[in-house]
Amino acid sequence: MLENILEFLQGNAIFSICISAVVVIFITASIFTMFNHAQEEKRVEQLRWNKVSAHMALYDLSRRLVIPLEADEILVGRHGAADIRFPDMSVSRYHAVLYVSNGIWSVMDLDSKSGTFVNGRKIRSQVKLKDSDEIRFGDKAVVIRERRRRKHV
Amino acid sequence: MYKNGLSYARCTAVVLLTHIVMLAAILLRGNYETLRDIVPLGVVVLGLDLVYTVILRFFYKQMTYTMDFFLLLLLGISVIFQSCFGGIGFALKHQITCIIALVMCQVGFLLTRNHVWIQSKKKILYIILGVLILSILFLTGSRSMWITIGSISIQPSEFMKPVFVLICATSIREQHEKKKILFFYVSREMLVMTGAFIIIAGLQWWCRDLGSLPIFAAAYICALVCRLCYPKAKFSKKTIIGISAIGAVVVIAALKFAPGYVQDRLSVDIWNQMEGNGYQQCKALIALAEGGLFGKGPGCGSLYQVFASDTDIVFSTICEEWGFLVGLLTILILMGMLLLPMINKPRSYFHTTMILGVVAVMIVQMGLNIFGSCNLIPFTGVTIPFISQGGSSMITCGFLAGMLKAGQSPVFRKTEPKLKKTRTENRKAAVV
């Protein structure tokens, strides 16, 4: 009986097209669902990154800007390819790199023309940074500071 | 519990439902003799879905899981496709390679998620590459890429792909130490990377396996561009012109001195040589057209009779049986896997370079297969990742997927060197 029904259905072209269409719809739905979940994961990953980076951010006081630190190696410079770009002639194209490891940020100068300074001292090697340290790239000064955390109710 | 706290019931349900719907399509449209033909396929595909989800749910903790569900969906679909070619059955060998691919995915993930660790082990990568090259030179047959052990054939050149991508990614470490050689600022790592690529290319040439050459070239070019864009790089017009000129000279020389069979394929008119060089492509194109949008039905195709229907021209075989739309969506699933790093961006130069290399390898491999079987480019005979049959290819692709996953769930932990305690500190500790 079942085999007869299946045989009848298999001979019907419209039925075959409908079955294929259902397969197509389900595969499409699964792709969309996965991408939707990837967006949610992105949000969770951001929270995790905040922990890794110790909730630190750079504060450009002259422009009243908060510059998020979104990677474990961040290039600072005037070049378009730099992660943090300062369009200031005193800043070299590839000026310095910021690193994070175990929640501690450090800065290294890339032989820039005007130098990198931490709390007014010129740095010659990789220097660890603390909360509220002032970093100066050429004439451009920024402060590394812990971001204000949202209070969870 | 999941480490990230998200619920994945929806993803699990969607993967299961998609596979159930595909199995139902086989039941209602497929070419089988009795209902028992479908049972083993259904049990194994749905069983793997459930088992892998349970393993992820209870035994494995990571930050992102979307890549795993994409992979599970794709591998299940792949097993269903492969089991339908030439009548409904069960592709046991393909199923086993899929399980190995899932295991390799976890291995790749665990090995590459901590970029500091993997960069400190890069000498081992060079040793592995050397061993693979020597095994191709001495263990494979004359001018062949295969090592045959009993009934199993292994293709060591496939294993070179993840190793080469990792070598390219680890070369970021000494980027600051650049020296001017002739007109370019280069680092020692960049030279080693270029040397490795030249050796691999020479080996491919010697083995007459030129189909894989564009795959390695794509990974190398991606790594080179990443290197040139890295801090302190001189990404000037001079560099661009110099590299473009070298590339053009190499391509022209390669085309001029290519072996006869390659030049034949470059200039072949497939419709005039339907029984000769253009046989597979003609059959593949006819099957693609016959399948239409919705296909002839699972197991109802005729392309399975052609050599390499489940590997080199697998896209046409799928389109013939399941329709062009399903074939296209399968490629979209694979593309979705590769596009995930665009949503959740990697947070280190190492992972960025590694992911770019993996994406380049997979996209070029996929493009060579699909465009080759559609006669848009010369036929090369490379596989579609995860879809085509082949153990070496499946293991490699599983490892590459693990590398992609590592970029999504990286570890930023650096082991601090243990400081030796001074005598006074030891005394203080003893007093306490």
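1. Chain A holds an open sheet of six strands, in the order E2-E1-E11-E10-E7-E8, with antiparallel pairing. Strands E2 (65–68) and E8 (121–122) of chain A are the edge strands, and each pairs on one side only. Strands here are DSSP runs of E with at least two residues, helices are runs of H or I with at least four, and both are numbered from the N terminus. Two strands pair if DSSP finds at least two bridges between them.

2. A word on the basis. This is a predicted model, in which local features need pLDDT of at least 70 and side-chain atom pairs count only at pLDDT 80 or more, while totals for chains, interfaces and linings use all residues. Residues are numbered from 1 along each chain as its sequence is written, and chains are lettered from A and ligands numbered from 1 in the order in which they are written.

3. Strand E1 (residues 56–60) of chain A pairs with strand E11 (residues 140–146) of chain A in the antiparallel sense, over four bridges. Met56(A) has Glu146(A) as its bridge partner in E11(A). E1(A) also pairs with E2(A), again antiparallel and over four bridges. There, Leu58(A) has Ile67(A) as its bridge partner. E1(A) and E2(A) form a hairpin with four residues between them. In the turn, Arg64(A) has a positive phi of about 55°.

4. Chain A has another open sheet. Five strands form this sheet in the order E4-E3-E5-E6-E9, and the pairing is mixed. Strands E4 (84–85) and E9 (127–128) of chain A stand at the edges with a single partner strand each, so one side of each is left without a neighbour in the sheet. Inside, strand E3 (residues 73–77) and strand E5 (residues 96–101) of chain A pair in the antiparallel sense over four bridges. Glu73(A) has Tyr99(A) as its bridge partner in E5(A).

5. Now chain B. Chain B has 17 helices and four strands. Of its 432 residues, 47% are buried (20 or more other C-beta atoms within 10 Å of the residue's own; exposed means 12 or fewer, partly exposed is in between, and C-beta atoms are placed from the backbone). Among contacts in chain B with a separation of 6 or more, 75% join residues 24 or more positions apart. Two residues are in contact if their C-beta atoms, placed from the backbone, lie within 7 Å.

6. One helix pair in chain B deserves a look. H3(B) and helix H4 (residues 92–112) of chain B pack at an angle of about 165°, with their axes 10 Å apart. Axes are lines fitted to C-alpha atoms over the stretch in contact, and angles run from 0 to 180 degrees between N-to-C directions. That makes H3(B) roughly antiparallel to H4(B) (angles over 145 degrees count as such; under 35 is roughly parallel, 65 to 115 roughly perpendicular and the rest oblique). The residues in this contact include Leu71(B) and Leu75(B) of H3(B), and Cys98(B) and Leu102(B) of H4(B).

7. Finally, the interface. 42 residues of chain B are in contact with 41 residues of chain A. Helices H1 (9–29), H3 (66–84) and H14 (324–343) of chain B each give two or more residues to this side. H1(B) gives the largest share, 11 residues.
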